[in-house]
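These are my notebook entries on a structure that I opened for a first look. I kept to backbone angles and strand pairing.

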Amino acid sequence: MPAYSYAPQPFVRPPELDGGATGAPVAIVGAGPIGLAMAIDLALHGIRSVVLDDNNVVSVGSRAICWAKRTLEIFDRLGVGERMLAKGVTWKVGRLFHGGEEVYSFDLLPEDGHKYPAFINLQQYYVEEYLLERAREFPDLIDIRFLSKVVGHSASPEGVTLTVETPEGSYALAADWLLACDGAKSATRERMGLDFTGQTFEEQFLIADIEMEDSPFGDHGIAERWFWFDPTFHPGKSALLHAQPDNIYRIDLQLDLGADAKVEASEEKVIPRIRAIVGDKPFRLDWLSVYKFRCIKLERFVHGRVVFVGDSAHVVSPFGARGGNGGIQDVDNLGWKLAAVLKGEAEEALIESYHEERSHGSAENILNSSRSTNFMTPKTPIEALFRRETLRMAHDQPFARRLINSGRLSLPCSLEGFALQTPGEGKLRPGQPMLDAPVGNGWLLPLLQGEFTLVGFGEIDLPDVGVRRIGIGQSGKGYETRDDHGGYALQRYGTGLAYLVRPDGHAAAVFHGEVPEAALKEALARAMGKSCEREIA
């Protein structure tokens, strides 16, 4: 019996089965974290969508558990961040062991002044539960259809038509756009004959979620990430330990090359391995899975009116927590652009910038993930020598410790140099994600995300060109201002600077000393895709 109690979602007969039509402009395939987040993001922009899923329960198994700071800030904008933070296990320190000795530790967020921590651990089923409940707060904008399997689709330059099978019959659903959020085994991608490119590694890893009252971290009271190379309890391999809510612990163990996945996931094989780690402490197996590393992506994320989002577009190994986090950053990038196109505020070419920016982001994730994988499981004698000597020297040579790679953990992707950004210099350059800071009685980022915003720090006036204006460390300006509580904001952004911020929280332009109205309008037009005059695939 798993620790989480699954509640089946009801099938609701859709109007199309009785000759009606929903008329929503967006069809989203997949009601996982990416599809639900996508629907909520569009709803916040006033865009209606239909979400289709062939299942009727949230994620089976904990699956994605590590949610990074930037992702939590996006979830905050979507309305579930604080709930996730309250339930999740907060951590920021990682420790690396070689054999039985700790050789290195790192702190992912050593400074104060941020609403969200470096990471929380929270099972995917809770994330989906919270997103589903949040989506149901938009009954006029989000139509969620469980037990509704998309078995076909056709696309034209004007829209898409989906064929949907349900327990009460099949129907055709018309929409302007199809967003494929149907995961790594995307049926949408398979129907279109689109192949991933990249690398699949032969090594396999076992995930074992265990429930136990006594922490396997021993007397170490604060949750952390522990990773072992060649541990005494699993000689010659690697192992990872994470804490989750509800006294659930994730243990990740490297397996022998060519191991039989079915046999390795049997209790007869798993329990002795867990005993070697936790000793005689009582525990219960909650979920088991065996997986291979894959670092692969589509060549293109946008195919006319069909757009791939999350794992349907790119897959990385779990070490580094770049899968679910990367998918939520896809949502963050696409939502405001698609809404602007559907409202007639931007040309369809703006969607092409989603491909450019997020293909870049996924390539960055794959590069980091591949490097981690090669360090953990070296493929050549040279890689094996490098790993062996790095680990040996890490015991007493500080320089070697930073070379250990157990997964470079997820960081937000910079969009510097891409077409929507106006080049410039500042403490934060255009393209980089804005940083949080305490301002007034709250936080900076919730004030900046969701729509275009001009934010000024210190003595600089903000002209009115129709976008939201916020002054930090200012007063008496005729627009909203907040105190720089603790001095963090001006320290992170500089004084006498203003930033034009995109709805997804990335800086689009920076101004020094003054904000010329004409230059601001030009930067705003550029950020809305006026320079994206390119052919649509």
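I worked on a predicted model, where local features need pLDDT of at least 70, side-chain atom pairs count only at pLDDT 80 or more, and totals for chains, interfaces and linings use all residues. Residues are numbered from 1 along each chain as its sequence is written, and side-chain values use heavy atoms, without hydrogens and water.

Entry one, the sheet. I looked up an open sheet of three strands, ordered S9-S10-S11 with antiparallel pairing. Strands here are DSSP runs (E, at least two residues), numbered from the N terminus; two of them pair if DSSP finds at least two bridges between them. Strand S9 (149-156) and strand S11 (169-175) are at the edges and have a single partner strand each, so one side of each lacks a neighbour in the sheet. From one strand to the next, the twist averages 20 degrees, with axes taken as lines fitted to C-alpha atoms and angles running from 0 to 180 degrees between N-to-C directions. I found seven bridges between S10 (residues 159-166) and S11. One entry in S10's pairing with S11 is valine 160, whose bridge partner is alanine 175.

Entry two, phi. Most residues other than glycine have a negative phi. Aspartate 230 is not a glycine, yet its phi is positive, about 50 degrees. I placed aspartate 230 in the loop between strand S14 (225-229) and strand S15 (238-244). Asparagine 247 also has a positive phi, near 60 degrees, and lies in the loop between S15 and strand S16 (248-254).

Conventions
Helix = DSSP H or I, 4+ residues; strand = E, 2+ residues; numbered from the N terminus.
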